[in-house]
Amino acid sequence: MLINWHAPRHIYLVCGKTDLRKGIDGLAIVIAENYGLELYDDSLFLFCGFRNDRFKGLYWDGEGFILLYKRYENGHLKWPRTSSEACLLKRRELANLLKGLNPFPTPNVHKAKPGNLY
């Protein structure tokens with residue numbers, strides 16, 4: 001079965017580093033024990049490991065869990081590393097992530113040099 005990325009009602013990005021050697025059961029335990037989120041509530045959970053070029057997804061399709069794995073040949077993800085929470089993603093942010101872009105882009109603001117004010 002192919003995943004329609006627009007189908008899940010909730011898309012959670014698990015911040016920080018997750019051991020991607022874990023399979024379906026291990027990732028389900030991470031969600032249930034650490035975040036208290038409902039696994040069967042039409043939700044897609046995304047996890048990133050120690051390397052920034054790959055991530056895993058866990059999705060309940062109504063019949064069973066689907067384990068997704070994506071690896072980028074060129075490029076690195078800018079995954080939130082400092083927090084131990086699960087962030088709710090918007091569809092646009094998920095689309096950016098799947099393209100290999102930063103899901104939470106920050107604008108580049110350059111500081112003005114003191115001599116260049118006028």
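This is a predicted model: local features need pLDDT of at least 70, side-chain atom pairs count only at pLDDT 80 or more; totals for chains, interfaces and linings use all residues.
Student: In what order do the elements of the protein run from the N terminus on?

Tutor: The protein has two helices and five strands. Read from the N terminus on, the elements run β-α-β-β-β-β-α.

Student: In what order do the five strands form the open sheet?

Tutor: The pairing in the sheet is mixed. From one strand to the next, the twist averages 25 degrees. The order of the strands is β4-β3-β2-β1-β5.

Student: Why is one side of β4 and of β5 left without a neighbour in the sheet?

Tutor: β4 covers 65-71 and β5 covers 86-88. Both stand at the edges of the sheet. One side of each is left without a neighbour because each has a single partner strand.

Student: How many bridges join β3 to β4?

Tutor: β3 covers residues 54-60, and five bridges join β2 (residues 43-48) to this strand, the two running antiparallel. In that pair, F47 has K56 of β3 as its bridge partner. β3 and β4 also run antiparallel, with L58 standing opposite L67 in β4. The number of bridges that join β3 to β4 is seven.

Student: Which residue in the hairpin of β3 and β4 takes a positive phi?

Tutor: The hairpin has four residues between the strands. The phi in question is near 100 degrees, and the residue that takes it is G62.

Student: Why do the buried residues of α1 line one face of the helix?

Tutor: Helix α1 spans residues 24-34, and its buried residues are L27, A28, V30 and I31. They pack against β1, β2, β3 and β4. The face turned away from this buried side carries the exposed residues D25 and E33. Seen down the axis of α1, the buried residues line one face because they fall within an arc of 155 degrees.

Student: Which residue just after α1 takes a positive phi?

Tutor: The phi here is about 65 degrees. The residue that takes it is G36.

Student: At about what angle to β1 does helix α2 run?

Tutor: Helix α2 is made of residues 91-98. This helix lies across β1 (10-14), β2, β3, β4 and β5. Its angle to β1 is about 55 degrees.

Student: Is N96 buried or exposed?

Tutor: N96 has its place in helix α2. Leaving out residues up to four places away in sequence, N96 touches L101, N102 and P103. The cut-off for burial is under 20% relative accessible area. The relative accessible area of N96 is 17%, so N96 is buried.

Student: Which residues have the most contacts inside the largest nonpolar core?

Tutor: This core has 16 residues. In the largest core, the residues with the most contacts are L46, F55, W79 and L97.

Student: Which residues does L97 touch, not counting residues up to four places away in sequence?

Tutor: L97 is one of the residues with the most contacts inside the largest nonpolar core. With sequence neighbours up to four places away left out, L97 touches L13, L46, F55, Y72, L77, W79 and P103.

Definitions and conventions. Residues are numbered from 1 along each chain as its sequence is written. Side-chain values use heavy atoms; hydrogens and water are left out. Two strands pair if DSSP finds at least two bridges between them. Axes are lines fitted to C-alpha atoms, for helices over the stretch in contact, and angles run from 0 to 180 degrees between N-to-C directions. Contact means heavy atoms within 4.5 Å. Buried means under 20% relative accessible area, exposed over 50%, partly exposed in between (1.4 Å probe, protein chains only). The arc is that of the directions from the helix axis to the C-beta atoms. A nonpolar core is a set of buried Ala, Val, Leu, Ile, Met, Phe, Trp, Tyr and Cys residues joined through side-chain atoms within 4.5 Å.
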